[in-house]
Amino acid sequence: MTISYYKNVRKEWASLVSTPVTAKFQDALAFTRSLGDLHLHTYGVTHLPEVHRIELPPIFHALSEAGRSATDGTEPPSANATPTVEQIASSTICVVVATDGVWDNWIYEDVGRFMMDASCLNATATHVEGAQKVMTSFMIRNSQFSKRNFGNQADNATGIALYLSLSSNFSA
């Protein structure tokens, strides 16, 4: 009988960093980053973050071009007109930062579909607390997934959503 252990719904194997068998202190850690680990830092576990810089103008330009081609190349309405959800989507990026208690339950594309759903974009465009409402709804759904996927072994979950938009009518 073969037993497989996947750590999440994407069927990724759990990662584990451990000391060599010859180490004076045997230890293991299920993360590749740590705020500090007495034994494992000498074997490559680091507290140092990976930092990447992303230029947003090219991304927004590509979104704008994609949105324009989806509407037969017509220009967006004047600045005084209320933008449609499609126009908001073509000028909005959503960044989700979350713990493994969230990521273990979701396929990445499904997170994007949820956060960029018309109802979520409408909430963020029309309510000052729209992003908070979206994230609350997302975390409720995550709790349901977590119970279904892991029962009482579910991990703690925390998440933050950041909506960035070129739309002047965007409230979040």
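In the predicted model, the side chain of Asn 8 places a polar atom 2.9 Å from the backbone nitrogen of Arg 10. Asn 8 belongs to the segment that precedes strand β1, which spans residues 17-18, and it counts as buried because its relative accessibility, 6%, falls under the 20% limit. Leaving aside residues up to four places away in sequence, the contacts of Asn 8 are with Trp 103, Asp 104 and Phe 150.

Helix α6, which comprises residues 130-150, contains 21 residues and extends 30 Å from its first C-alpha to its last, close to the 30 Å expected at 1.5 Å a residue. The buried residues of this helix are Gly 130, Ala 131, Val 134, Met 135, Phe 138, Met 139, Asn 142, Phe 145 and Ser 146. When α6 is viewed down its axis, these buried residues fall within an arc of 155 degrees, and they therefore line one face of the helix. An α-helix has 3.6 residues a turn, so that residues three or four places apart point the same way. On the other side of α6, the exposed residues are Gln 132, Ile 140, Lys 147 and Arg 148.

The buried residues of α6 pack against several elements, namely strand β3 (92-98), helices α3 (100-103), α4 (108-115) and α5 (118-126), and strand β4 (159-165). Phe 150, a contact of Asn 8, lies within the residue range of α6, 130-150, while Trp 103, also in contact with Asn 8, lies within the range given for α3, 100-103. Just after α6, the backbone at Gly 151 adopts a positive phi of about 55 degrees.

A search of the whole structure for salt bridges returns 2. One of them joins the side chains of Arg 53 and Glu 55, with an N to O distance of 2.8 Å.

Asp 110 is partly exposed, at 28% relative accessibility, and Arg 113 counts as exposed, at 54%.

Key
Residues are numbered from 1 along each chain as its sequence is written. This is a predicted model: local features need pLDDT of at least 70, side-chain atom pairs count only at pLDDT 80 or more; totals for chains, interfaces and linings use all residues. Side-chain values use heavy atoms; hydrogens and water are left out. Helices (H or I, at least four residues) and strands (E, at least two) are DSSP runs, numbered from the N terminus. Buried means under 20% relative accessible area, exposed over 50%, partly exposed in between (1.4 Å probe, protein chains only). A polar contact is a pair of N or O atoms within 3.5 Å; within protein, one must be able to donate a hydrogen and the other to accept it, and residues adjacent in sequence count only if both atoms are side-chain atoms. Contact means heavy atoms within 4.5 Å. The expected span of a helix is 1.5 Å times one less than its number of residues. The arc is that of the directions from the helix axis to the C-beta atoms. A salt bridge is a side-chain nitrogen of Lys or Arg within 4 Å of a carboxyl oxygen of Asp or Glu.
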